Amino acid sequence: MVVLDIEGAGRVFRSGRLRVVGLDDVSLRVSAGEFVAAMGPSGSGKSTLLRLAGGLERPTSGRILLAGRDLAGLGEAGLAEALRREIGFVFQEANLLASLTAAENVALALELDGVKPKAAMAGARGLLDSLGLGAVGGRFPGQLSGGEQQQVAIARAVAGGRSLLLADEPTGALDALTGESVMGLLRQRCATGCAVVLATHNVRHAAWADRVVFLNDGRLAGATGPPAGPECLLGTGQVR
Amino acid sequence: MSVRHSLLALLSAGPTHGYRLKTEFEAATGDVWPLNVGQVYTTLARLERDGLVTAEADADGQKVYEITGAGRDELGRWFETPVPREMIPRQELAIKLVFAMQSGMADVAAVVQRQRVATVRALQDVTRLKAAAESAGNLAWLLMLDALVFQADAEVRWLDMCQARLARENTAAGKARRHPEIPAERAVERSS
């Protein structure tokens, strides 16, 4: 099932007479359970792509379909509701609420979905357990490492069974090994059917994805297919 | 890659046959560097000549190799000494890019992009192996795979740098054409 379908999307930013192309005719289709990474230098359009996919900005050309529905066809209220139900965001900063425990931060996302507080808290604990984060549930963000905070932020972003997770440089501030555990967590979510789109310029993290697309000057500049079997690399010294 | 020291390291765990050393070496390094049997026996012969191992025939007449005290000392020195960086291995990719640029026969940016896709694809494969090694708790194999990951990472970042330099060069060249009065270096500054 296609979760996200970006069809020839473009985004032009205007400021007075200045016209800057942020994204130019980009098409990308992401299925349930698929992990796609977008790579490219600063200013190549990675973040713009994510902002369009997440409905935070509207394309100036092309269409964005979420589970087959054109976002342009939804009113402001309908759009906000669809985005909140279907899409989770993770950014470089975890942005957890400091006065709530990790579990309460996750539970809050469920309560916003209309889940009763008690059930939300139980759901949050269950989710943290399933992600191997059960031990940190009762701690406040200030008592967590950067990596743990980011993992809790991911749990919060996917709480309530959202079908699409958009992650913009979520490992930017983390060391190599912690960054890797965050990638492991994203992979794990894909296994449950969630689609993930990651924007990063860290190729080691992009390599966790099923597919890596390259952006340059707002355009798609290439892509790797789904990964080949390991035998293609090792033993033969060949890469397909 | 030091076959000599790798064999000493394997022998430090106990005496064994030459053909076992080949399979043990390949298992330890995940078949990334296949060894041929001839290489193993030539190296063992040199180690024996240098007094770093001894060889004795077993009941079936097969040679069993054992590390000597001098062999252990040599192995210890290897672990204590950093791998020299003076010897830069010949890199086909770097050479290819240099000549792509010099010959004017190839679109250098396209060469860079094709390589990037291929390298990232290889990196995806290694990353999948890493996930498997992680769940199997195979630490030595994980370190080995990390080495491959970081080599590919370095290559891709270098390609990014090449691409950025090419783009800057093109912008500067374009500006120089439009404004011949601006010296090339200043055009470069303006574009960055």
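This briefing walks through the sheets, helices and cores of the structure above. The model is a predicted one. In chain A, six strands form an open sheet with mixed pairing, while chain B has an open sheet of three strands with antiparallel pairing. The largest nonpolar core holds 84 residues, and another core, of 12 residues, lies apart from it.

**The six-stranded sheet of chain A**

- Reading across the sheet, the strand order is β6-β7-β8-β3-β9-β10 (chain A).
- The edges belong to β6 (87-90) and β10 (219-223) of chain A; each has a single partner strand, so one side of each is left without a neighbour in the sheet.
- On average, neighbouring strands of this sheet are turned by 20° against each other, direction ignored.
- Strand β7 (residues 164-168) of chain A runs parallel to β8(A), and five bridges join the two. Within this pairing, A167(A) has L198(A) in β8(A) as its bridge partner.
- Helix α6 (residues 176-191) of chain A packs on the sheet and touches β3, β7 and β8 of chain A, with its direction at about 155° to that of β8(A).
- Helix α5 (residues 146-158) of chain A lies across β6 and β7 of chain A and runs at about 165° to β6(A).

**A closer look at β3(A)**

- Strand β3 (residues 35-39) of chain A is mostly covered, as five of its five residues are buried.
- F35(A), A37(A) and M39(A) point one way from the strand, and V36(A) and A38(A) point the other way.
- On one pairing, β3(A) is joined by five bridges to strand β8 (residues 195-200) of chain A, and the two run parallel. Here F35(A) has V196(A) as its bridge partner in β8(A).
- Strand β9 (residues 211-216) of chain A also pairs with β3(A) in the parallel sense, over four bridges.

**The nonpolar cores**

- In the largest nonpolar core, the residues with the most contacts inside it are V106(A), A124(A), L186(A) and V197(A).
- Helix α7 (residues 139-178) of chain B gives the most to this core, with nine residues.
- Leaving aside residues up to four places away in sequence, V197(A) touches L4(A), V30(A), V36(A), A38(A), L50(A), A53(A) and L166(A).
- The core of 12 residues, apart from the largest one, includes L44(B), Y65(B), I67(B) and L75(B).

**L127(A) in its surroundings**

- L127(A) sits in helix α4 (residues 117-130) of chain A.
- With 23 C-beta neighbours inside 10 Å, L127(A) counts as buried, because the cut-off for a buried residue is 20 or more.
- Its contacts, not counting residues up to four places away in sequence, are V106(A), A155(A) and A159(A).
- L127(A) and L56(A) are 71 residues apart along the chain, and their C-alpha atoms are separated by 26 Å.

**Chain B: overall make-up**

- Chain B has eight helices and three strands, and along the sequence they follow the pattern α-β-α-α-β-β-α-α-α-α-α.
- Of its 192 residues, 22% count as buried.
- Among contacts in chain B between residues at least 6 apart in sequence, 45% join residues at least 24 apart.
- A28(B) lies in helix α2 (residues 18-28) of chain B and is partly exposed, with 15 other C-beta atoms within 10 Å.

**Chain B: the sheet and its helices**

- The strand order is β1-β3-β2 (chain B), with β1 (16-17) and β2 (53-57) as the edge strands, each pairing on one side only.
- β2(B) runs antiparallel to strand β3 (residues 63-67) of chain B, and five bridges join them. T54(B) stands opposite E66(B) in β3(B).
- Helix α3 (residues 37-49) of chain B packs on this sheet, touching β2 and β3 of chain B, and its direction makes about 110° with that of β2(B).
- Helix α1 (residues 3-11) of chain B lies across β1, β2 and β3 of chain B and runs at about 90° to β3(B).
- α1(B) and α3(B) also pack together, at an angle of about 80° and with their axes 10 Å apart, which makes α1(B) roughly perpendicular to α3(B).
- In this contact, V3(B), R4(B), L7(B) and L8(B) of α1(B) meet Q39(B), T43(B), L44(B) and L47(B) of α3(B). The contact residues divide into five nonpolar, two polar and one charged.

Technical notes. Residues are numbered from 1 along each chain as its sequence is written. Chains are lettered from A and ligands numbered from 1 in the order in which they are written. This is a predicted model: local features need pLDDT of at least 70, side-chain atom pairs count only at pLDDT 80 or more; totals for chains, interfaces and linings use all residues. Two strands pair if DSSP finds at least two bridges between them. Two residues are in contact if their C-beta atoms, placed from the backbone, lie within 7 Å. Axes are lines fitted to C-alpha atoms, for helices over the stretch in contact, and angles run from 0 to 180 degrees between N-to-C directions. A nonpolar core is a set of buried Ala, Val, Leu, Ile, Met, Phe, Trp, Tyr and Cys residues joined through C-beta atoms within 7 Å. Angles under 35 degrees count as roughly parallel, over 145 as roughly antiparallel, 65 to 115 as roughly perpendicular and the rest as oblique. Ala, Val, Leu, Ile, Met, Phe, Trp, Tyr, Cys and Pro count as nonpolar, Asp, Glu, Lys and Arg as charged, and the others, Gly among them, as polar.
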